[in-house]
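Me: Could you walk me through this chain, step by step? I am new to reading structures.

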Amino acid sequence: MELILKNTTEDIVLKKIDQMKSSLDCCTCEYCRMDIATYALNRLPARYVATTQGELLSKLDSLEPQFDTTVMTVILQGAMLVKLHPRHK
């Protein structure tokens, strides 16, 4: 059985962007979505896991209200930046 490292913060950020899509007030095409995610992920702590159990524990930690608020804040900051400087025409 091969173990693979996974950053669970990445899944959390992408899911939250999709949930917030209608309130981001910017383009959410795949380029912009990835730019917002990149901005957020560079400002949030990575949470690497190598097992299913570790992934579940990490996702439970992410349910903390403060972490959720922090994720939403950096996503909104990223959306504002992407709105000002989109990579597409």
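Me: Which exposed residues does the face of H4 turned away from its buried side carry?

Reply: A quick note first: this is a predicted model, where local features need pLDDT of at least 70, side-chain atom pairs count only at pLDDT 80 or more, and totals for chains, interfaces and linings use all residues. Residues are numbered from 1 along each chain as its sequence is written, and side-chain values use heavy atoms, without hydrogens and water. Buried means under 20% relative accessible area, exposed over 50%, and partly exposed in between (1.4 Å probe, protein chains only). By that rule, the face of H4 turned away from its buried side has the exposed residues Pro65, Gln66, Met80 and Leu84.

Me: Why are the buried residues of H4 on the same side?

Reply: The buried ones are Phe67, Val71, Val74, Ile75, Gly78, Ala79 and Val82. They share a side of H4 because they cover an arc (from the directions from the helix axis to the C-beta atoms) of only 145° around the axis.

Me: What do the buried residues of H4 pack against?

Reply: Helices (H or I, at least four residues) and strands (E, at least two) are DSSP runs, numbered from the N terminus. On that numbering, the partners of H4's buried residues are helix H1 (8-20) and helix H2 (30-41).

Me: What pattern does the chain follow along the sequence?

Reply: There are four helices and two strands in the chain. Read in sequence order, they give β-α-α-β-α-α.

Notes. Contact means heavy atoms within 4.5 Å.
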